[in-house]
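This report looks at a protein model piece by piece. Please keep the sequence and the structure in view while reading.

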Amino acid sequence: MSTERTTDRTARLSGEVTDRTAHLTGEVVDSFQRTADPRLHELLTALTRHLHDFVRETEPTMQEWERAIGFLTATGQMSSDTRQEFILLSDVLGISMLVETINGHRDPGATESTVLGPFHMTQSPVRELGANIDLVGSGEPCVVRGRVLSADGTPLPGAVLDVWQADPEGFYDVQRPDIQPAGNGRGLFTADAEGRFWFRTCLPSPYPIPTDGPVGELLKATDRHPYRPAHIHFIASAAGHAPVTTHIFVAGSAYLDSDAVFAVKESLVQDFAETDDPSLAREFGVANPFRYTHFDLVLETA
Ligand code: BEZ
Ligand code: FE
């Protein structure tokens, strides 16, 4: 990715050119005047103003403009049913997290949200509470347990938890269908009569976001690493409550302070301590020692 810019183009735009560009912006904004949907009108006119200002500020050469179009074209061409390069681009530019933050829950007692990411693209298999979502049995055994609660502390029986995580080598099932069975690392659980949930898995590890496409090229050109700290994804939902899309991050994981997609929130970092408690091992049907984490997902009322 080239950032070359010829030095003889550093002169600012002349007054005449500036006037012409302002006129052009006005013309494009006016062209949207008859848009029936007021929100679409607002979005398109703001987009036009901001993009035109960006061009006026950075004065791209024709070559740079073609490079930008080429980058977006490659981003589209890289996208498929199992690969979402545009979400990845939004993630590494911090846009996903910006949208998340603006739309985030207002109740300070509710679990904070974070990015969805590009790998929630397949239906999670329905599983019984206590099931093991690690179908390969490759990592450090881990038990995840908690409750789904309303913001006032009331348990939410029947709450649904959609869970997905990468394998210990850092790949989701959809990334390596030849190695992982479909549904590996995924589960759709229903909380019990007291809002409780529990399942078995393997300890997640930090992993790089996919770098074999244009987004990887962007990270390389900007000397940024592609790693995300170890985490498990959740979407928790319950009747009468706003669903939350979030992660639980493993305390002490590498990259907690430099997540490639800027998605770490302190309240989401959880202890996954090693335990060899025989009664816990018996309760969850696992061999000692194993990793254990316990947390509540708190939903605000809709
Ligand atoms: C993920 O955690 O699955 C993810 C999020 C953003 C970009 C790439 C991966
Ligand atoms: Fe992930």
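Why are Glu16 and Arg20 separated by about one helical turn? The two residues are four apart in helix α1, which spans residues 15–31, so about one turn of the helix lies between them.

## Salt bridges

The model is a predicted one. In it, the side chains of Glu16 and Arg20 form a salt bridge, with 3.0 Å from N to O. A search of the whole structure returns 15 salt bridges.

## Two domains

The chain is split into domain 1, residues 3–88, and domain 2, residues 106–299. Their C-alpha centres are 37 Å apart. Contact between them involves twelve residues of domain 1 and twelve residues of domain 2.

How much area do domain 1 and domain 2 bury between them? The value is about 1000 Å², and 70% of it is on carbon and sulfur atoms. On the domain 1 side, Phe71, Thr82 and Leu88 supply 45% of the area buried against domain 2. That is more than any other three residues.

## Polar links across the interface

Two salt bridges cross the interface of domain 1 and domain 2. Three residue pairs across this interface are in polar contact, with both residues at pLDDT 80 or more. Arg67 and Glu217 join their side chains in a salt bridge, at 2.8 Å from N to O.

Which helices each supply at least two residues of the side of domain 1 that touches domain 2? They are α3 (62–78) and α4 (85–92). Helix α3 gives the largest share, with five residues. By type, the residues on this side of domain 1 are five nonpolar, three polar and four charged.

## The five-stranded sheet

Five strands make an open sheet with mixed pairing. Their order is β3-β2-β7-β8-β9. Strands β3 (186–190) and β9 (269–270) are at the edges. Each has a single partner strand, so one side of each has no neighbour in the sheet.

How do β8 and β9 run, parallel or antiparallel? Strand β8, residues 244–250, runs parallel to β9, and two bridges join the pair. Val250 has Gln270 of β9 as its bridge partner. In general, strands of a sheet pair through backbone hydrogen bonds.

## In brief

The predicted model has two domains, 3–88 and 106–299, that bury about 1000 Å² between them. Two salt bridges cross that interface. The sheet is open and holds five strands, with β3 and β9 at its edges.

Technical notes:
Residues numbered from 1 in each chain as written. Chains lettered and ligands numbered in written order. Heavy atoms only, no water. Pairing = 2+ DSSP bridges. Domains from an automatic or database assignment. Contact = heavy atoms within 4.5 Å. Buried area = accessible area lost by both parts, 1.4 Å probe. Salt bridge = Lys/Arg side-chain N within 4 Å of Asp/Glu carboxyl O. Polar contact = N/O pair within 3.5 Å; in protein donor to acceptor, adjacent residues only side chain to side chain. Nonpolar A, V, L, I, M, F, W, Y, C, P; charged D, E, K, R; others polar.
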